[in-house]
Amino acid sequence: MADVAEITYREALNAAMCQEMDRDDSVFLLGEEVAEYDGAYKVSRGMLARYGDRRVVDSPISELGFAGLCVGAAMAGLRPICEFMTFNFSILALDQVVNSAAKMLYMTNGQVSVPIVFRGPTGAALQLSAQHSQACETYYVHAPGVKLATPATPADAKGLLAAAIRDDDPVAVMEGELLYNVRGEVPDEEYVIPLGVADVKRTGDDVSIVTHGKMVHVALQAARVLAREEIEAEVLDLRSLRPLDADAILETVAKTNRVVCLEEGWPFAGVGAQIVSLIQDEAFDDLDAPVLRVTQADVPMPYAKNLEQLAKPGVKAVVEACRKVLYVPNAAT
Amino acid sequence: MANGDGPAGDGGEPGAATRLHGFSRDELHGLLADMLLYRRFEEKAEEAYAIGKIGGFCHLHIGQEGLAAGAIKPLRADDLVVTAYREHTQAIAKGIDPRAVMAELYGRTGGCSGGRGGSMHLFDTAVGFYGGHGIVGAQIPLGAGLAWAIRYRGGDQICVCFMGDAAVNQGAFLESLNMSAVWKLPVVYVVENNGYGMGTAFSRVSATDVEARSGAYGIPAHTVDGQDALETYRFFERLAERVRRGAGPQFVNAVTYRFRGHSMSDPVSGTYRSKEEVESHVRGRDPIALLRDRLMEAALLTRKELEGIDADARAACDDAAAFADASPLPAPSTLYDHVYAEINPNGRLFLDGREGAPAGGRAGGGGRTPAGGGAKGGRRG
């Protein structure tokens, strides 16, 4: 059995970057506060001391500019890790993500690949209000040419980030402020999890919760509540949204025949909408109930604590949705 | 070409010079031939557009050929060029075969981007030409990134990043200049200052002049007459060497003029610039005519030689158009090629479920599979 250590999600991301920077000089980390400050969320702690300022580089607050610079460096064959302090700020850089990184290989007929990683936290934390609390997955997966990984656990953080760095395409790795302190067992050795492989985080026969990223933990909590009612929920963690493990989705649908899609973002054209489309297209006859979605309320994130709680997709909403697809009355609780 | 190996300028008596601005007769003829090729190429493209051989947006460089030759020809083969969307002649100047450029405009497989890019997205990394970018100013951080990669690897190439004057009002420009200065990147930013962003005069929407824009970042600004190909060439030759030796980023305001409309659908003149203004530039500031006249005055070019050079240029463009016409359209089966460099063995990258999309998926499937199992139906009731 390989050695494992219990470390935080933050440390696991750090370990993945160091693992890849040790084996490939073309990998470098650039972003706001990543070097001298050790990272806004301390993900890059110690990396400046270890690799020097050639490879661990503080950028100005110029998201469009430094994202574009990293894309240009990737066009020349380097493998930049472009850190956004949060993906909220990367909206400023979307032109370089969507128009440059995503389309470059296609426009050049395969001449110019863009092996870049965009990483940082996505989604809401606590009372950060509207502009700092949004899930950015759909902005990225909407564009063919981009890949997206969303690790939920420390082990997945290490393995998926390593895979993202090695991948020859632009890969966004979306983390979460509320995940950085999560602890878990992570292999010490070189560790890579292939993109496109979902993971059943909990098995169950009665209903499937299909989710990703931070919401995996909400789903697991909901499953524990449901277990007290003798409802066994399966929690499928997609782990990457592009490539999407459609087989795993179809398998869990075939197993439980009832699905709740859970995501942190807004409902309109959301990730869940894509999953529902896939299920109705390819597993319609497996369904015993309409697929339900649990998302953020279709409003900008409010600041007030009580309203924020109402807006976020929480355990209660997931539990209720699961009961609903099972035709179990919610009034029972 | 060495510097200073001859009279620096055209002050010699007519008929007596053997060199002009240090250029030999052959070199001068070569430059004139390059520029005539660019002019005839663009005229050919204009003609092909008119008969529907070329579609979409098509931006001609006519009037600005002095810059394509003067700024790119002095570069080394391994130097990098990145630019915006008025770039046919720049692509040719950097070394892409006119046939491959024309075939790209035609959307054919023989094009330098396989017909996937078109007029605005010409690429050939083998000659250091990195496009061809359609969003105003977006190529500027890319240019900084190409220069970053050169510096990261300890190379001595430089990157030349072209833009139109309107691009200096984009945030990407300001951010890129700042980063280039902070990291002393080997990049030359060249503004092809033709005075207009599409149909809006630069001065109407700009608080300061082009040449003032780099000072805030401590980047040296230079102004060069882009209609004077010889001066432009000598200028870039010196500047490139300085940047190669570590002078850091440079900013060039290259003054020029666009003889045609912004794109094929736009009038040459009209509401935003007068016919007289355009005509005065065409008459007095045509970079090709200016060079031709100087060479003839210096007895370095005969009428017959000129006719020969021009005939060669026209023949090359006819040949490029014939090549493009004969080049096949991309096969429908290639629609999904080159979206991703790496088709991951697991999961689906394409969600449209169409025929032809690479399948992916663990069991070699992942394509559309009719749900044939039938509902288990009402397991809980």
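Which are the buried residues of α2(B)? They are B:E65, B:G66, B:L67, B:A68, B:A69, B:G70, B:A71 and B:I72. The points below take up this helix and other parts of the structure.

This is a predicted model, in which local features need pLDDT of at least 70 and side-chain atom pairs count only at pLDDT 80 or more, while totals for chains, interfaces and linings use all residues. Residues are numbered from 1 along each chain as its sequence is written, with chains lettered from A and ligands numbered from 1 in the order in which they are written.

1. Helix α2 of chain B. This helix covers residues 65–72. Because 8 of its 8 residues are buried, α2(B) is largely enclosed by the rest of the structure. A residue is buried if 20 or more other C-beta atoms lie within 10 Å of its own, exposed if 12 or fewer, and partly exposed in between, with C-beta atoms placed from the backbone. Helices (H or I, at least four residues) and strands (E, at least two) are DSSP runs, numbered from the N terminus.

2. Contact between the chains. In chain A, 57 residues are in contact with 55 residues of chain B; contact means that C-beta atoms, placed from the backbone, lie within 7 Å. The elements giving two or more residues to the chain A side are α3 (63–75), α4 (94–107), β12 (240–242), α8 (246–256) and α9 (271–282). The largest share, 10 residues, comes from α3(A). By class, the chain A side has 27 nonpolar, 18 polar and 12 charged residues. Ala, Val, Leu, Ile, Met, Phe, Trp, Tyr, Cys and Pro count as nonpolar, Asp, Glu, Lys and Arg as charged, and the others, Gly among them, as polar.

3. The sheet of chain A. Seven strands form an open sheet with mixed pairing, in the order β3-β2-β4-β5-β7-β6-β12. Two strands pair if DSSP finds at least two bridges between them. β3 (56–58) and β12 stand at the edges with a single partner strand each, so one side of each is left without a neighbour in the sheet. Within the sheet, β5 (residues 117–121) and β7 (residues 171–175) run parallel and are joined by 5 bridges. A:P121 stands opposite A:E175 in β7(A). Helix α3(A) lies across β2 (27–31) and β4 (79–83), at about 165° to β4(A). Axes are lines fitted to C-alpha atoms, for helices over the stretch in contact, and angles run from 0 to 180 degrees between N-to-C directions.

4. A helix pair in chain B. α5 (residues 139–152) and α6 (residues 171–182) pack at an angle of about 20°, with their axes 8 Å apart. That makes α5(B) roughly parallel to α6(B), a term for angles under 35 degrees, where over 145 is roughly antiparallel, 65 to 115 roughly perpendicular and the rest oblique. B:I140, B:P141, B:A144 and B:A147 in α5(B) meet residues of α6(B) including B:F173 and B:M179.

5. Backbone points to check. The peptide bond from A:R242 to A:P243 is cis, with omega near -5°, and A:P243 is in the loop between β12 and α8 of chain A. Another cis bond runs from B:G131 to B:G132, with omega near 20°; B:G132 lies in strand β4 (residues 129–132) of chain B. B:H338, in the segment after α10 (303–326) of chain B, has phi near 65°, a positive value in a residue other than glycine. B:H338 is buried, with 20 other C-beta atoms within 10 Å.

Note on methods. Contact = placed C-beta atoms within 7 Å.
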